[in-house]
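Good morning, colleagues. I shall present one structure briefly, beginning with a sheet and ending with a pair of helices.

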Amino acid sequence: MADTPVNAEAEHSVKPTPIVPPSNIAGQALSLVIAIMSFLACLTVGAVLMIDKSASSWQSQISREATVQIRPARDFDIETALVEAQAIAASFDGVTDARIIGLSQTATLLEPWLGKDINLSELPVPRLVVIRIDERNPPDFKAIGTAINEAIPNATLDDHRAWVDRLVSMANTTTYVGVAILLLVLTALVLTVVFATRGALASNHIIIEVLHFVGARANFIAGQFQRRFFWIGLRGALIGGGAAIAMFLIFQFWAQRNLTTAEGVQVAVLFGDFSIGMGIFIGTFFVIALVAALTTITARLTVVRTIYEIDEQRADPSRQSY
Amino acid sequence: MIKFENVGLRYGMETEVLRDVSFEIPERSFQFLTGPSGAGKTSLLRLLFMSLRPTRGSISMFGRDIATIERHELPIMRRRIGVVFQDFRLLDHMTTYENVALPLRVRGKDESGFRSDVSDLLNWVGLGDKLHALPPVLSGGEKQRVAIARALIDQPEVLLADEPTGNVDPHMARRLLRLFLELNRSGTAVVVATHDLGLMEQVDARRMILNNSHLDIYG
């Protein structure tokens, strides 16, 4: 017998080739598919959290205040009525502040409709008292309304209930739609990961078969594949999740830089402040963990099923091709 | 060691591929399994390797009726059998050395304990200088020898070889045959499935001939 090359033995003892190849075309494609789906899922999670936060914010802002509206009338001292309405409102429990909207502020409010430099004293413009409410201990709006109306017949209390109800309904609908889209994206993610993993495993069928026929136990074979596919899944999910976080950071940066511009204010009103909260990090972590676990479990189940099918064919020769 | 009694095998509703096949493979025996193409040689080998179950009759392997062997026991039973597949079934991403060492690796053996055994075996089959070669760069004959070495590395009690000389020239075929004979002398029962008459004429061994689904045994 010829002598065995010494170098060869030394090299083999250092780094054996993994039984499941570390990277092939199918593995790279799977990583890419997982990265794209994770990115979309993380974006959806972030968007749903942002919508939920904005909806809660609209709801909270509008339900924090009520308004007393006093209409002008002939021989009616509206300034005295405003002070009286302010005093009545402030005397109720649950009212933290009652503030008269001055003439200049009223003019600012009406500026988009009536233009600049108008003389409000010449117009029959209603005046407002804004009442700030303790949200945890709201006042009895009916009692405030009755008391103000008895003292000042021209005054009415608007507790914004109609608006709040509409906004609650809209906010809830928006959140439900967001959650439904998230569920669809997560379902698509699960199915894509499962089928892509199974597709990638198909190219490794010969490895499963050879291992099975050289006497490897099902657990050993499944262990080899689930380790490899765990890393493929984790790598893809980290890339996708990382890209989504990066995108949120870019939006946050843009929003902060443009906070004072008209576009920035409009975007902030509609979509909130784009701040990266813990929720987005937790959601992204959840997506990454879900994807890595799914890939691993799918790989294990597919391998075990393949071995099972090989043994089933043994039991049922009619499933063989001769 | 292995005993077939009135074994029949049928694929689906087709006619029987094997009919009333009865034979015994004693320890340390050497036999050829032959017959025309499509006679059922590969099917019979698959029955011997427990990758198929007969549709009727009984098969006893190493003293156990295979009908009673549980699924989880199959890997342990298969470790007592070495198989050389007709299409080699080598893993292309692993070197020659690693392909041969694979059965030991899956059995949890430490590499330091088998490194020299694998190298010695590869030297024995004439591939001592191809330890690092990957299967795609090997010739058909070299792949065949790697497959044989992999089947032999854990000293199986029986070796099943399906057309082991089908991809090699006559010179290499004789060399592989000598390898099987040497292995047989060291105590392994050998079943070589072949339709190469020239190869069979070189050895005075038992011949199991499959024809029209029946098995006849000579010698």
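**Strand pairing, helix packing and confidence**

Strand β9 (residues 206–211) of chain B pairs with β10(B) in the antiparallel sense over five bridges; two strands pair if DSSP finds at least two bridges between them. Helices (H or I, at least four residues) and strands (E, at least two) are DSSP runs, numbered from the N terminus. Across this pairing, B:M208 stands opposite B:I217 in β10(B).

The model is predicted: local features need pLDDT of at least 70 and side-chain atom pairs count only at pLDDT 80 or more, while totals for chains, interfaces and linings use all residues. Residues are numbered from 1 along each chain as its sequence is written, and chains are lettered from A and ligands numbered from 1 in the order in which they are written.

The open sheet has six strands in the order β6-β7-β8-β3-β9-β10 (chain B), with mixed pairing. Its edge strands, each pairing on one side only, are β6 (81–84) and β10 (214–218) of chain B.

In chain A, the axes of helix α3 (residues 78–90) and helix α5 (residues 141–151) come within 10 Å and cross at roughly 150 degrees; axes are lines fitted to C-alpha atoms, for helices over the stretch in contact, and angles run from 0 to 180 degrees between N-to-C directions. α3(A) and α5(A) are therefore roughly antiparallel to each other, a term for angles over 145 degrees.

Finally, chain A averages a pLDDT of 81, and 85% of the residues score at least 70; pLDDT is the predictor's confidence in each residue, from 0 to 100.

Terms used. Angles under 35 degrees count as roughly parallel, over 145 as roughly antiparallel, 65 to 115 as roughly perpendicular and the rest as oblique.
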